[in-house]
Amino acid sequence: ADRRDAQRRLAAQRVWGRDPFTRSASTNLVNGLNLSGILWDVATPLAIINGQTFQVGEECDGYRIVEITPSYVAVTDEAQTFQLHIAP
């Protein structure tokens, strides 16, 4: 029990960003692109969009993936850049 309490105190001190257990108002659909997962690896992160995996630089339905982070994927159509967030 003491170990669990220590972990809870440590977790309460951290800034976690988006709460993965609440629905987000962020956009996860951009003209039919549905981000369903991010496989995070510093060297080779992958995004799961419309059921397929993509790396930075690859194209999906006319959009180029320009950035993959642990919390979002940035795509561009050369005119605008959009952030995709995991669907709630």
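User: Happy to start with strand pairing: in strand 6, which residue is the bridge partner of C60?

Analyst: This is a predicted model, where local features need pLDDT of at least 70, side-chain atom pairs count only at pLDDT 80 or more, and totals for chains, interfaces and linings use all residues. Residues are numbered from 1 along each chain as its sequence is written, and side-chain values use heavy atoms, leaving out hydrogens and water. Strands here are DSSP runs of E with at least two residues, numbered from the N terminus, and two of them pair if DSSP finds at least two bridges between them. Strands 5 and 6 run antiparallel and are joined by two bridges; the partner of C60 in strand 6 is Y63.

User: Which side chain meets E78 in a salt bridge?

Analyst: A salt bridge is a side-chain nitrogen of Lys or Arg within 4 Å of a carboxyl oxygen of Asp or Glu, and the structure holds one. At 3.1 Å, N to O, the partner of E78 is R64.

User: How many residues apart in sequence are the parts that this pair ties together?

Analyst: E78 sits in the loop between strand 7 (73–76) and strand 8 (81–84), while R64 belongs to strand 6 (residues 63–68). The pair therefore ties together parts whose separation in sequence is 14 residues.

Technical notes:
Helix = DSSP H or I, 4+ residues; strand = E, 2+ residues; numbered from the N terminus.
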